[in-house]
Amino acid sequence: MTQIQNVTDFSLKYTLESGQSFRWERVDNAYYGVVEGRILKISQEGTTLHVESSTDEDEADFVPYLRHYLDIVRDVPKLLVGVNNDAYMDRAIEKLWGMRILNQELWETIASFILSQNNNVPRIRGIIRRLSERFSERLTLAGYVDYSFPSPDVLATATEDTLLACGTGYRANYLKDTAQAIVSGELSLTSLQQMPYTEAKQELMRRNGIGEKVADCICLFSLGHLAALPIDVWIKRIFETLYLRRRATHREIREFAHTYFGDSVGYAQQYLFHYVHECPNWADAEHLSLTKMKSLL
């Protein structure tokens, strides 16, 4: 058992339940998830995190790794001050205080968000589970069973029929094409990790099946680019309803959001996104009265 103490301004629940990752499952008061080839069991007691791993870990490396993965090392309270521009955002931040944006492994994040297109979370989780069970290694921790995510090498040589049998649908070709590009070196994960935001996004969008939304998800949830703004149907609806008060193109939403929230817009959208999923009356008259627009509108 590893303990990480003095973890302030952090909510394990909101961090792991806010739609960033598809590998975490709550069991009683703990969360089990597959992270880079091992099962982790994490629970939170006040400002202490209790962590178990399915593999033997060197704590000298493991604790800094976990702190980075959970984004504990970042001064998120200071960052949130910079995006807390209206009473609505203030309410979202207060409700979800402690939510962080994970720093996830790049290949699995790429594959997962390719699979996320035109899909819902239960189906995405099911596809990932079947792919992992079919093509990778069985893992166990205290009776909990899951599977590591298959490598690009394995999926690059998988037949289309076996990928389709896992429920990938039309995304099978996109997944295999990207895996083959990584294996051949055409798409370098190391290079992606060293690129600035706009360059990394453009490089990702050269792949079939990776559009702007998926590229921004990868940039935000794996590459640490907080300027990334993934626009799905929910984010579009949120900005149209709360701020622009009209129908808007993705470009208009992106331009407004970057002007209004700045370089940490990724954190702002994550708080807005999860708040509306936690609050069914997020767009009632009382809520709408909270967005007092600035002169830029």
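Q: How many cavities of 30 Å³ or more does the structure hold?
A: The structure holds 1. This is a predicted model, where local features need pLDDT of at least 70 and side-chain atom pairs count only at pLDDT 80 or more, while totals for chains, interfaces and linings use all residues. Residues are numbered from 1 along each chain as its sequence is written, and side-chain values use heavy atoms, with hydrogens and water left out.

Q: What counts as a cavity, and what as a pocket?
A: Both are found on a 1 Å grid over the protein atoms alone. A cavity is a set of points where a 1.4 Å probe fits but cannot get out. A pocket is an open set with protein on both sides within 12 Å along at least five of seven lines. Lining residues have an atom within 4 Å of a point.

Q: OK, what volume does the largest cavity have?
A: About 140 Å³. A volume is the space filled by probe spheres set on the grid points, which are joined across faces, edges and corners.

Q: Now the largest pocket. What is its volume?
A: About 750 Å³. It is lined by 33 residues, and the closest to its centre are Gly19, Phe22, Val121, Asp232 and Phe273.

Q: Which element gives most to that lining?
A: The largest share, 5 residues, comes from α15. Others that give two or more include β2 (24-27) and α6 (121-135).

Q: How does the pocket lining divide by class?
A: Into 16 nonpolar, 12 polar and 5 charged. Ala, Val, Leu, Ile, Met, Phe, Trp, Tyr, Cys and Pro count as nonpolar, Asp, Glu, Lys and Arg as charged, and the others, Gly among them, as polar.

Q: Back to α5. At what angle does it pack with α9?
A: Helix α5 (residues 106-115) and helix α9 (residues 171-184) pack at about 160°, with axes 9 Å apart. That makes α5 roughly antiparallel to α9. Axes are lines fitted to C-alpha atoms, for helices over the stretch in contact, and angles run from 0 to 180 degrees between N-to-C directions. Under 35 degrees is roughly parallel, over 145 roughly antiparallel, 65 to 115 roughly perpendicular, and the rest oblique.

Q: What residues of α5 make that contact?
A: Trp107, Ile110, Ala111, Ile114 and Leu115. Their partners in α9 include Tyr174 and Leu175. Contact means heavy atoms within 4.5 Å. By class, the contact has 9 nonpolar, 1 polar and 1 charged residues.

Q: What about α11 and α12, how do they cross?
A: Their axes come within 9 Å and cross at roughly 130°. So α11 is oblique to α12.

Q: Which residues meet there?
A: Among them are Tyr197 and Leu204 in α11, and Ala215 and Ile218 in α12. The contact has 7 nonpolar, no polar and 3 charged residues.

Q: Last one: what angle do α4 and α15 make?
A: About 75°, with axes 9 Å apart. The two helices are therefore roughly perpendicular to each other. Tyr88 and Met89 of α4 are among the contact residues, as are Tyr271 and Leu272 of α15. This contact divides into 9 nonpolar, no polar and 3 charged residues.

How values were computed: Helices (H or I, at least four residues) and strands (E, at least two) are DSSP runs, numbered from the N terminus.
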